[in-house]
Amino acid sequence: MVFAAGLGTRMRPLTHTTPKPLVSVAGRTLIDYALDDFARAGVDTAIVNVHHLADEIEAHLASRREPRIVISDERAQLLDQGGGIKKVLPLIGDAPFFICNTDAFWFGAPRSNLLALAQAWDAEKMDAALLLSPTQGSVGVDWEGDFDLSPEGRIVRRAGPKPYVYSGVGLIKPQLFAQETQDVFKLAPFFFSAAEKGRLFGVVSSGLWLHVGTAAAIEEAEKAIAALGE
């Protein structure tokens, strides 16, 4: 499930005319960085939700063959990430599925972070597992971090600076949403609930993580990529 329906408010005025997933960084769009990673990891189908400037996103994705693209149309109502997932649960089935934001990506990773996450998955003890990146050293991190990790790899929530940020990519069980009756709702509370039960785990990613949440972050990301000699 690739989240591409957001309004991109922090990137205005650029996103008045270009949807955030189609913003280009070093010659590639943000959504293509994500989808190319999934294709290399062997994911065969990506469900992409659309709302803001949806026609542009659909047109851009029309020529993609790997992964196969299924559009979830939220033009009539923006459902937030949780509601976006609920809408497509009939397409997902009962197996854990990837989730992915489209405002960040990795560069220069020596291995597939997606495969690392999949290999770490343990359905017996996990309801969700998130890819984390170091707060220090990642590009575009303008906050104090999101999480800490226990020695067993469980995600820990606490106050103050934290060593890891949520990368925007995770694996999650569809069963978490089985009792949800609302159509529009946030995803984060499901993570927090899993953490309280000791069932939210983290996998630290490899490579340089670049968060492109603002217009200024585009230049910062391109400079970081250029500095790596690519």
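The side chains of Lys186 and Asp80 meet in a salt bridge, with an N to O distance of 3.1 Å; a salt bridge here is a side-chain nitrogen of Lys or Arg within 4 Å of a carboxyl oxygen of Asp or Glu. Lys186 lies in the loop between β11 and α5 (188-196) and Asp80 in helix α3, so the pair ties together parts that are 106 residues apart in sequence. The structure is a predicted model, in which local features need pLDDT of at least 70 and side-chain atom pairs count only at pLDDT 80 or more, while totals for chains, interfaces and linings use all residues. Residues are numbered from 1 along each chain as its sequence is written, and side-chain values use heavy atoms, with hydrogens and water left out.

**Salt bridges**

- The structure holds 15 salt bridges.
- Lys186 is exposed, with a relative accessible area of 53%, whereas Asp80 is partly exposed at 31% (buried means under 20% relative accessible area, exposed over 50%, and partly exposed in between, with a 1.4 Å probe and protein chains only).
- Arg75 forms a salt bridge with Asp55, the closest N and O atoms being 2.6 Å apart.
- Because Arg75 lies in the loop between β5 and α3 (80-92) and Asp55 in helix α2, this pair ties together parts that are 20 residues apart in sequence.
- Asp55 is exposed, with a relative accessible area of 56%, and Arg75 counts as partly exposed at 31% relative accessibility.
- Arg75 also forms a salt bridge with Asp73, for which the closest N and O atoms are 2.8 Å apart; Asp73 counts as partly exposed at 38% relative accessibility.
- A network of salt bridges links Arg28, Asp32, Asp36 and Arg64.

**Helix α2**

- Helix α2 comprises residues 54-61, and its buried residues are Ala54, Ile57 and Leu61; helices (H or I, at least four residues) and strands (E, at least two) are DSSP runs, numbered from the N terminus.
- The face of α2 turned away from its buried side carries the exposed residues Asp55 and Ala59.
- The cover over the buried residues of α2 includes α1 (30-40), β4 (45-50) and β5 (68-73), where contact means heavy atoms within 4.5 Å.

- About 90 Å³ of space lies in the largest cavity; grid points are joined across faces, edges and corners, and a volume is the space filled by probe spheres set on the points.
- Of the 13 residues that line the largest cavity, the closest to its centre are Ala34, Asp37, Cys100, Trp106 and Val169.
- Two or more residues of this lining come from each of α1, β7 (104-107) and β11 (164-172), and the largest share, four residues, comes from α1.
- By class, the lining of the largest cavity has 10 nonpolar, two polar and one charged residues; Ala, Val, Leu, Ile, Met, Phe, Trp, Tyr, Cys and Pro count as nonpolar, Asp, Glu, Lys and Arg as charged, and the others, Gly among them, as polar.

- The largest pocket holds about 980 Å³ of space; a pocket is an open set with protein on both sides within 12 Å along at least five of seven lines.
- Of the 35 residues that line the largest pocket, the closest to its centre are Lys20, Asp80, Gln81, Asn101 and Asp103.
- At least two residues of the lining of the largest pocket are supplied by each of α3, β11, α5 and β13 (208-211).
- The lining of the largest pocket has 16 nonpolar, 11 polar and eight charged residues.
- The second largest pocket holds about 340 Å³ of space, and of its 17 lining residues, the closest to its centre are Met1, Val43, Thr45, Phe97 and Phe98.
- The elements that give two or more residues to the lining of the second largest pocket are β4, β5, α3 and β6 (97-100), and β4 gives the most, with three residues.
- The lining of the second largest pocket divides into 13 nonpolar, two polar and two charged residues.

Methods. 1 Å grid on protein atoms, 1.4 Å probe; cavity = no way out; pocket = protein on both sides within 12 Å on 5 of 7 lines; lining within 4 Å.
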